[in-house]
Structures are given as structure tokens and as C-alpha cells.
Amino acid sequence: MCSEKFAIFVGLILDLPYNHGMVFARVVVNLPVVSGEFDYAIPPDLPVGPGQLVSVPFGAQTVQGVVFDLLDKPAVPHPKPILSVLDPQPVLTAVQMAFARQLAEATLNPLSAMVGLFLPAGLSQQADTLYTLLRTPSEPKGAIEKRLLDLLLERGPLRGRQIERHFGPVDWRKTAEALVRRGILSKQTVLPPPSVRPKYVRMAQLAVPPEVAQAEMEYLGKTEVTRSRRQAALRFLIQEPQAVALSWVYAQAGCTLADLQELEERGLIRLFESEIWRDPLSRLSHREAGLGNRDVALTAEQEAALAQIVQSLNLPSSNAGLNSVSTFLLHGITGSGKTELYLRAAAETIRQGRQAIILVPEIALTPQTVRRFLDRFPGQVGLVHSRLSDGERYDTWRRARAGLLKVVIGPRSALFTPLPKIGLIVVDECHDSSYYQSEPPFYSALHAAQLYGKLCGATTLLGSATPPVELRFHAVSALSPAPTPPGSLRLLELKERVTGAATSTPAGLPPVSIIDMRDELKAGNRAIFSRALTESMAEVLERGEQAILYLNRRGTATYVFCRDCGYVLKCPHCETPLTYHLTPFYTSAELVNNSSQKSTLPENRLICHHCSYSRKLPSLCPACAGKNIRTYGLGSEKVETEVKTLFPQARVLRWDWETTRERDAHEIILTHFANHQADILVGTQMLAKGLDLPLVTLVGIVLADVGLTLPDPFAGERVFQLLTQVAGRAGRSSRGGKVILQTFMPEHPVIQAAAQHDYAAFYQLEIETRRLLRYPPFSHLIRLEYRHTDPAKAESEARALAQRLKMHIEAERRLQTDLIGPAPCFFTKINDMHRWQIILRGPDPLSLLRNLPGLSDWRIEVEARSLL
């Protein structure tokens, strides 16, 4: 014992690590801006394993972290001990930890930021500051100080994030720090406990045979009223073979908790708490019951594609990730039956005892897709998306971790669900821009899904009618007799629709008529609808069918200006024109019920679509006091108004951001339209999300040119994808259908290709353009963006980094790497932040930045999908 104490003493004096049978942990702390991993000692009485969520000291803070490795020897002497384990089970699987590491390396994000993607909201907590009022000053200095002191006086000590929710965008922290220096407030760093936990309800169950309970009926109370309540409760529980929630007993018997406690004391019933799952699918009505279970006969193309997928699923998981056959691009035209192949592939995956992740672009798609999977796999499907409550997301996450779910469906966040044995990953509508996270941490769910599939040994299926050009470039036909190069993407094609619609176009796609709006103007038609579209809408309404009108702009008018001096009303925080909104922001329930009640939110507002700043429409010009204020442009609200004016008898719904801000709003609007409770659906790009609406026989594209002339190399591809997808909503049944495409640029090759449903023609045009300009797939792009409230600071930082990068490129002789910029972004100012960007283009620009210091204040997007 003495020698042991001496060894410890020597170690302390010489600052040497001392390990007396201790085990150490390498932890990724839950601080998104902190890179790296940190070593901690594991106390002997604390069971800790890889993947577990723990609390650890970090500087003066206590923070959460995830254990990534166990070590015999730490990298630093005398590491601090782990304080506690926050979840007895691992929160990340071994594969997920490897996935987080590789995704962080591929995207240049801190590992801690990527780990945060795997933790459900409420469970993940970050250090905060607790403010406590010590004394009240005699005279508060300013309105913010008075408001802050009143808040703390009323509610007691509050954390910083609680105060932020009260103040909103108001900067209160400088005031709080001044009050701390004056001794009026104290502050302390705290780690809030997880805000989610399992939910329990009180249950009641009969504890004796029914005949014993019947024999006690006459002795359940001294008064008739009390006795009758207890008798009613006991009779109800005699009839129920299983435990029943107390709320249900109260409703059926009219009894009280005291009555049930008395019955428990007599030994007649048992009261206990039982955990329940908060399942968002319990609210989902089965209006399409049986849709997923119907006996669908596959086409020859579907059979051939399914055979390739099943062959991949049957490969041993240990080998699948090394073989190119494990990743497929399913290029199928709209209505070709891609979803049925997803269902069959998921069924085969479940049969093998594994699970499937089904990614859809946005929440707008989720209800329709979920119903089909729920009908096919009842009780085995979980739903994940950001509009669920924290409790619902937490319980779905725990059910997935426990292996109780076989299929998880949702947008990009569903990819991080901890299913224990993943066999299939599907990315539906894989071209969609919503798979790219446009705020830190930046990543592409499309690329991440392929990486995760290889790590899991799973089959990855990427489906689209308009796949990204670079993805299609790398795909090799699965039916080719030539051997497949290792690591390549296998191409499966569906070139025919599965519906029996009679059309004049190949593959059963609806015919598209291009209307030159310049000719309409020459003919004296100044309306937003061409004569052909107006006549077609009238015909659809007369036949009792449905129509979709698409315009990828919100609001009533896209800019407002003074005709006297030319002044344009812009957002003071973003320097972009304000959009005029004529109609009030109705709730989804008001919209589908055609409510005549006045909305609580004001109408006639000018709104910024970047930062949500709003103001009234002025009656006088702010610059010259002129009265000639005019609104110009076109948006979805104006389209809705014009339709109602032309066809007052028509039932019209609008589907855009303003009408879908409420929970379940997408579901309500889509269900009403699918059930033919509306005749015309007006919407923005949400309409391009793979919806299957058999009664829609007309699609009107009000202005196809939107976004086509933006200074972005990917603008043409985005417009083609949107137009093709929207056109594909028509004619998805035996009724057939048609598309009317209005444009001021009918000769544009993108418009021509979309009108002919000709992906091949667009692909050839786009791939040659990118080859000449050296854009992906012929190079890789990295976008670096710097933001600052001071425009001079933003510019100087951008120029300084550009100079450093230029010298770095020359020093490493990267002759094929281009530096584009620095330059202001297209949207130069957003939310009071001035933006400058630098683009790196070359064979491997990622390696240039990997170890380059001084990038912590920069937003780095690897393989950026927009350069605006």
C-alpha cells in the first residue's frame, strides 16, 4: 500500500499519468463549434460503454458527450472523470459512430456537429447560463433592463435560452452582462436535464376473479351515491380483460380516484403505471386502407428491376458494401411504379430480419407515402420529421433503437434513426434540393445515404424521374452484359407508366402544350391565364375532375415600387424586394372550410421571404412622398384570387408556405383535395413532390420561366426537374390528362425538353455544358461563405482568405484547381449579415482545406447545390 501511495505521489510531482486498473473514455462533447475528441477517466462504479450519452466537465461547464472509444491509456495526464451516464443504453450504434466520423471528414464539419444529428430533440442538451436576480435596483436603466428585471422578478432564476424565447430577436445579453458586473444579477453555467422522458399513464385492472368482485358489490360504501360509483367502476373493469387507463374508467363509470383507491385497498383491483408510446401514426386515419395491400401486377420493366434489387438484398451483408450491386439508381418516369418497388424491396428486407429506411423529400410527401407502407406493414412503421412533438420523436427513436420498428419513413433526419440491422435505404425523389441541409452542419442526405448503406452492408435505392445529372453520369446499366466496375452505381430504368391512360405521347405521359405568353399579349389578353388554360379549366370543372395550377412564387406581387421616383421597397435587413401579400394568413382549417371569419393576422402586408420582416403597404412613397405606389409581379396568392374570380363556383385550395405552417396542415390540405373536396389546387414547388392524385387531368404551369435565368450553374437543372415533376401529376389514371405550360421563353432548350418529357435531351445538353465549364461531374465544388454585420469586414476577410488559398494552390502546384472569387453573394445581405463567397473548383479541393487553419468563422459547403 505504501509503495502504491508513493507511486501516485511521484506521478503527481512529475505530472505523469497513473493508471491503477482504470479505464478511460474518448468522448465527443455536444458543443457543435468544438472539434476533436477528449479523454476522460471512467469512475470504477460507473458502467460506461461506447455509444453512451454521458455528462462531463469541459472547462468551467458541464456538457453532454457521447463515448466513442474505450482506452487503456489516455492521451493527456490526469483526465477529469465522467460525471454521469444519461441513458443506460447506447444512443449511437457502432455503425453510426463510424458513419458520423466519415461524414464529418467528407463534409469538413466538426464531429460533434454530426453527432448532434443522431440525437433526438429533447434528449440532446447543451450548456446554458442560469441568471438569478440578487437585488432590485432603484431605477432601471432603459427598457430592456426593466423588462429583464421584471421577468426574473416574476419567474425567478431563468436559463439563457428561456430568456431568449421571451425576448425574441432583441439583444438582451449585453444588458444582462452589465447587470452581472453591477452585482444585480448572478450567472452560473448549468447543463439542463433532458426535456424528454418516457410517458406513463395510470392503469386499473381487476385483481380478483369476477365472481369474487360480484360478491363484494353490496359492501362498497356507506352511502348510495358512493356505492353506485364504485359498483359502476367495478362492473366496467369486470368486462375489460386487459388493463384500462384511469381516464377511460372515469369516463365510463363516473367515479373518482378516491373510489378506485378504495377498491384497491379492498384488494379488488390493481392500480399501476404503464408506459405508453407517443406514436404520431395513431392520428393518421386510414382513408386509403388496403392501398398498400392490393395485389399489384408488375410490368415487365418492374419485374426486371425488382429481380436486380432482390439479388442485391440476398447478398451477405458483410460483402454487399464492397460490391457495386449494392447501390442502384432507379430512373423511372412519373407514374412508372417506383413506390411499388420500394414496398416489395422493404418486404424482402423484413423477411430477412432486417430493417428499412425510406427517405422522402419533405413532410408534404410523408402522409401519402406513410399510408402505403402502413397498410403493407401494419404496426411496423415509424414516422420521423421535425414537426412531431419532442415526445413523439423521442419515443419513435427509442422504438427504433429497440428493434420494434421495421420501417422508418421521413425526410433527411430519418437517416440517423438507430435501427440495429439496416438492410435497405431508399431515397425517393433523390433529385430534390431538400435533401441538402442548407444550414450548418452542411451535408447532402443523398451522398450520406450512399455512405451509410456501404457501412451497413445495405442495399441503397435512389429513385427519381429526373435524377441529378452527376448521378446519372456515374450510373452503369444493370442490364449491361459488360462487368460492372467496382464501386459503380447500377442503373435501373422504368420507361413506361403503369396506368392505362390513353395519351398521344410515348410511355403514357400527358401531352404538354407550350403557350407563348408574348402571343397572348399581342392578342390583347393581359390576364395571368392564357385562353387555352382558361378554357381547359372550365372543361375540367364541367367534367367533375380536378386541376393543379403551379407557380413557384409565393404572395400576390413580387415587388412594390413608386412610379414617380422608381423607389423599390426592400427589406431593411436583407436588401431584397419585399413581397406583397394581399390575403391574410388563414389556418389550414379555415382554408379547407372556406371560412368567412377574419384571420387574426393582418392582410395587405409586405413580407421578406428571407427573414420574415413585415410592414404595412405604405400609402405614400418613403422616398418622395408620391402616391403612385404600385405592386408588380405574380405569386400563388394572386393565382388563387384570379381563379376564384374566373370560376366562383369552383372549390379552390392553396398549398404553399403560408397555408402549411400549422401542424398537420399538409395532411389536411392534401386529404381534402384527394377526397375531391376541392376542384383546383394552387401551389408552389410542394406540388412537384411525387403526389399521386388520380382525378387530376389538368396541370397548368402559370409561369415556367421562374428561376431559369438565375446566375447559378444548376439553375437550368432545377427548373427542368420542377417542370417535369409537376407535369407528371397529370394523367395518372385511365382518365388521361394534359399539361399547359405558359412561358415567355418558349424556345429555351430547358422548356423544350421539359415539354417533351425528354430527360435524355436535357441530359445531353447539360452534360456537355458542364464538361466545357468543368462543373460536376467533371470536377468537385466547395463553396466558402463569410458573413458579418460590417460589410467592410466581410469583404476584407474574404479577400484575405482568397489570397491565402491562391498561395496554397500555387505552393502545392494544383494547376487544375480554380479559385473563383471572392465576390459578394447573389443575395448580398440576409438578416443584417453581409455575405461574401469563394468557390473552389477542381479534382480534389477538399484536401486543400482539410488542415488549413483559420476557417472556423467560415461556412463551408462541400458539393454545394446552389452558388447563390
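**Close-up 1. Surroundings of V426.** Leaving aside its neighbours within four places in sequence, V426 is in contact (heavy atoms within 4.5 Å) with Y342, I357, I358, L359 and L461. The model is predicted: local features need pLDDT of at least 70 and side-chain atom pairs count only at pLDDT 80 or more, whereas totals for chains, interfaces and linings use all residues. Residues are numbered from 1 along each chain as its sequence is written, and side-chain values use heavy atoms, with hydrogens and water left out. V426 is found in strand β16, residues 422–427. Helices (H or I, at least four residues) and strands (E, at least two) are DSSP runs, numbered from the N terminus. V426 has 0% relative accessibility and therefore counts as buried. Buried means under 20% relative accessible area, exposed over 50%, and partly exposed in between, with a 1.4 Å probe and protein chains only. T327 is 99 residues from V426 in sequence, and the C-alpha to C-alpha distance between the two is 9.9 Å.

Close-up 2. Strand β3 (residues 53–58) is mostly covered, with six of its six residues buried. On one side these are L53, S55 and P57, and on the other V54, V56 and F58, so that both faces are covered. β3 pairs with strand β4 (residues 61–71) in the antiparallel sense over six bridges; two strands pair if DSSP finds at least two bridges between them. Within this pair, V54 stands opposite G65 in β4. β3 and β4 form a hairpin with two residues between them, and G59 in the turn has a positive phi of about 65°. The pairing of β3 with strand β5 (residues 84–85) is also antiparallel and has two bridges. Here S55 stands opposite S84 in β5. Strands of a sheet pair through backbone hydrogen bonds, either parallel or antiparallel.

**Close-up 3. Packing of helices α4 and α5.** Helix α4 (residues 143–155) and helix α5 (residues 160–167) pack at an angle of about 120°, and their axes are 12 Å apart. Axes are lines fitted to C-alpha atoms, for helices over the stretch in contact, and angles run from 0 to 180 degrees between N-to-C directions. α4 and α5 are therefore oblique to each other. Angles under 35 degrees count as roughly parallel, over 145 as roughly antiparallel, 65 to 115 as roughly perpendicular and the rest as oblique. The residues that meet are I144, R147, L148, L151 and L152 in α4 and I163, H166 and F167 in α5. They divide into six nonpolar, one polar and one charged. Ala, Val, Leu, Ile, Met, Phe, Trp, Tyr, Cys and Pro count as nonpolar, Asp, Glu, Lys and Arg as charged, and the others, Gly among them, as polar.

Close-up 4. Strand β9 (residues 199–206) is joined to β10 by two bridges, and A204 stands opposite V244 in β10.

**Close-up 5. Packing of helices α23 and α25.** The axes of helix α23 (residues 715–727) and helix α25 (residues 759–773) come within 11 Å and cross at roughly 170°. α23 and α25 are therefore roughly antiparallel to each other. G716, E717 and F720 in α23 meet Y759, F762, E766 and R770 in α25. The residues of this contact comprise three nonpolar, one polar and three charged.

**Close-up 6. The sheet β34-β35-β33-β36.** Four strands form this open sheet, in the order β34-β35-β33-β36 and with antiparallel pairing. Its edge strands, each pairing on one side only, are β34 (818–830) and β36 (859–862). On average, neighbouring strands are turned by 20° against each other, direction ignored. Seven bridges join β34 to strand β35 (residues 833–842), and D818 stands opposite R841 in β35.
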